Amino acid sequence: MELRQLQHFVAVAEERHFTRAAELLRISQSGLSASIRSLEQELGTSLFVRSTRRVELTAAGQALLADSVRTLASAAAARNAVAAVRGLLSGRLTIGAEPCLGSVDLPAELAAFRTANPGVEVRLRYSGSEELVEDVAGGRADVALVVDTGHTPAGVVLRPLSTQEMLVLCHPEHPFAAEESIPLERLRGEPLVGFQEGWAAQSLTRRAFAAAGFDYRAAMEVNDVHPLLDLVGYNLGVAVVPASFARKRPEALRAVRLQDAPAWSVAVAVADQPSPAASAFLTQLEPD
């Protein structure tokens, strides 16, 4: 079993597709397939269930994946340690981020990092904050820009970046629009437009509702801020969002302060022993 084979296996497992994995690895699809077949023969079992559109992990593949990720992470750490001694910064930096955090211009930060560190391959994936901190814990991401939802797995450190208030966003004709602020209790039974499970706004709102003694039930769920703004703009519900969301359409939507609202605290999630590339990115993000 070679590191190269494990790298191929993890790429297919993450992409759930041989063609996309081959493009990511910059090898031929036939070469990738041959590498996976060789690994399966060595292990004496199938690692994937293949179909015409995608592949899924078998039970054996699921068992192998976590150890493969850790093994590749350890190998990368060893290479990075040697490079650091030589005064070079190389390898790969995998970054996760929840969209629209409101305090980090991520494209600009990535451009600056790549210019300063041309030997580092940078990968980016967007997802919800709760999934991203698990990615850092499992070695699938080096750093993640997230909102602190109170869930921090072992081996992960959250470094605060900024905090803003959360408020209620509504249509100008909604009764809330005439208010300067409303108590959280006023949202009991109110039609909500919210994000899917695992996204920070949903996690924080659900916890705040539970503390106030009522359940969180969103009539409509989205996975991006712009559909949420569209739905609120048609008066299909109200949304509990960070203040920065309200600044996207101030002429069309009304932002109302929410009493006892949770804080929207943006942080960088990183392993307690970050790689040299991750440390360099963290240093870049630190305020002057």
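**Figure 1. Surface and overall build of the predicted model.** The accessible surface of the protein comes to about 14,700 Å², and 49% of this area belongs to carbon and sulfur atoms. Accessible areas come from the Shrake-Rupley method with a 1.4 Å probe, and for residues only the protein chains shown count as cover. The model is predicted: local features need pLDDT of at least 70 and side-chain atom pairs count only at pLDDT 80 or more, while totals for chains, interfaces and linings use all residues. Residues are numbered from 1 along each chain as its sequence is written, and side-chain values use heavy atoms, with hydrogens and water left out. Of the 288 residues, 43% count as buried (buried means under 20% relative accessible area, exposed over 50%, partly exposed in between; 1.4 Å probe, protein chains only). The protein has 10 helices and 12 strands (DSSP runs numbered from the N terminus: helices are H or I with at least four residues, strands are E with at least two). Along the principal axes, the C-alpha atoms fill a box of roughly 65 × 45 × 30 Å. Among contacts (heavy atoms within 4.5 Å) between residues at least 6 apart in sequence, 72% join residues at least 24 apart.

**Figure 2. A cluster of aromatic rings.** Ring pairs link Phe 195, Trp 199, Phe 245 and Trp 264 into a cluster. Rings of Phe, Tyr and Trp (its six-membered ring) pair if their centres lie within 6.5 Å; planes under 30 degrees apart count as stacked, over 60 as edge-to-face and the rest as tilted. By this rule the count comes to eight aromatic pairs. The ring centres of Phe 195 and Trp 199 are 6.0 Å apart and their planes are at 15°, so this pair is stacked. Phe 195 and Phe 245 have ring centres 6.1 Å apart and planes at 70°, so their pair is edge-to-face. Because Phe 195 lies in strand S8 (residues 193-195) and Phe 245 in helix H9 (residues 243-246), the pair ties together parts that are 50 residues apart in sequence. Phe 195 is buried at 5% relative accessibility, Trp 199 is buried at 12%, and Phe 245 is buried at 3%.

Figure 3. Helix H1 (residues 3-15) has 13 residues, which should span 18 Å at 1.5 Å a residue; its end C-alpha atoms are 18 Å apart, which agrees. The expected span is 1.5 Å times one less than the number of residues. The buried residues of H1 are Gln 5, Leu 6, His 8, Phe 9, Val 10, Ala 11, Val 12 and Ala 13. Just after H1, Arg 16 takes a positive phi of about 55°.

**Figure 4. Ala 137 in helix H6.** Ala 137 lies in helix H6 (residues 129-137) and is partly exposed, at 37% relative accessibility. Leaving out residues up to four places away in sequence, Ala 137 touches Pro 153, Ala 154 and Val 156. Ala 137 and Val 55 are 82 residues apart in sequence and 25 Å apart in space, C-alpha to C-alpha.

**Figure 5. Two loop residues with positive phi.** Cys 100 is not a glycine, although its phi is positive, about 55°. Cys 100 sits in the loop between strand S3 (91-97) and helix H5 (106-116) and is partly exposed, at 27% relative accessibility. Asp 260, also a residue other than glycine, has a positive phi near 60°. Asp 260 is found in the loop between strand S11 (254-259) and strand S12 (263-271), and is exposed, with a relative accessible area of 68%.
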